[in-house]
Amino acid sequence: MKKRALFIITFFVCTNMSAQKLTKDIDFDGKVDTVYMDTKESRIVCRLSTQNLKKIKSHPIEILNEMSGIIEAKNGFTFFNDWMRAGYKNQFRYNKKTKKIQLIGMIWKRSG
């Protein structure tokens, strides 16, 4: 029982830590970029190498839960915001033509 509890705690800690900061080549220039959640301002922050690593901030997120974060997606990243039996995911990708991060998909989930 103790091993199971330790595994569950470790799993949630590791999942939560990995969801806080993503390092990946988002703008397809071969250099590592960073995407993370600024929980104090309730915003998604991107630092792209093509933008000289300056902070690019999203609009404030009205309701940011403890079970929110950033995860890797095939061609970008996904922001998720979960609570109880509901939540949503927003997928973002870098647009080479406009040189901006663009929302490309939204998924609302509800169970129960």
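A salt bridge here is a side-chain nitrogen of Lys or Arg within 4 Å of a carboxyl oxygen of Asp or Glu. Buried or exposed, what is E72? E72 is exposed, at 54% relative accessibility, whereas K24 is buried, with a relative accessible area of 14%. On this scale, buried means under 20% relative accessible area, exposed means over 50%, and partly exposed is in between, using a 1.4 Å probe and protein chains only.

Before going on, a word on the source. This is a predicted model, in which local features need pLDDT of at least 70 and side-chain atom pairs count only at pLDDT 80 or more, while totals for chains, interfaces and linings use all residues. Residues are numbered from 1 along each chain as its sequence is written, and side-chain values use heavy atoms, with hydrogens and water left out.

The term pLDDT is the predictor's confidence in each residue, from 0 to 100. The protein chain has a mean pLDDT of 86, and 82% of its residues reach 70 or more. Over residues 13-19, pLDDT stays under 50, and the model has five contacts for them beyond four places in sequence. A contact means heavy atoms within 4.5 Å. Where pLDDT is low, the predicted coordinates should not be read in detail.

Now the overall layout. The protein chain contains one helix and eight strands, and along the sequence the pattern reads α-β-β-β-β-β-β-β-β. Helices (H or I, at least four residues) and strands (E, at least two) are DSSP runs, numbered from the N terminus. The chain has 112 residues, and 32% of them count as buried. If we take contacts between residues at least 6 apart in sequence, 27% join residues at least 24 apart.

Back to salt bridges. How many does a search of the whole structure find? It finds four. E41 takes part in a pair with R43, at 3.2 Å from N to O, and also in a pair with K57, at 3.3 Å from N to O. E41 lies in the loop between β2 (33-38) and β3, and K57 lies in strand β4, so their pair ties together parts that are 16 residues apart in sequence. Taken together, E41, R43 and K57 are linked in a network of salt bridges. As for accessibility, R43 is partly exposed at 23%, E41 is partly exposed at 35%, and K57 is partly exposed at 39%.

K57 comes up again at the largest pocket. This pocket has a volume of about 310 Å³. Of the 15 residues that line the largest pocket, those closest to its centre are I44, K57, S58, H59 and F92. Two or more lining residues come from each of β3 (43-47), β4 (55-57), β6 (76-83), β7 (86-95) and β8 (100-110). Which element gives the largest share of the lining? That is β7, with three residues. By type, the lining divides into 11 nonpolar residues, three polar and one charged.

Here is how a pocket is defined. On a 1 Å grid over the protein atoms alone, a pocket is an open set of points where a 1.4 Å probe fits, with protein on both sides within 12 Å along at least five of seven lines, and lining residues have an atom within 4 Å of a point. Grid points are joined across faces, edges and corners, and the volume is the space filled by probe spheres set on the points. For residue types, Ala, Val, Leu, Ile, Met, Phe, Trp, Tyr, Cys and Pro count as nonpolar, Asp, Glu, Lys and Arg as charged, and the others, Gly among them, as polar.

T34 lies in strand β2 and is buried, at 16%. Leaving aside neighbours within four places in sequence, T34 is in contact with K21, L22, T23, V45, C46 and R47. D82, in strand β6, is buried at 18%. Not counting residues up to four places away in sequence, D82 touches N65, M67, S68, G87, Y88 and K109. R85 is in the loop between β6 and β7 and is exposed, at 59%. The C-alpha atoms of R85 and R110 are separated by 6.0 Å, and the two residues are 25 apart along the chain.
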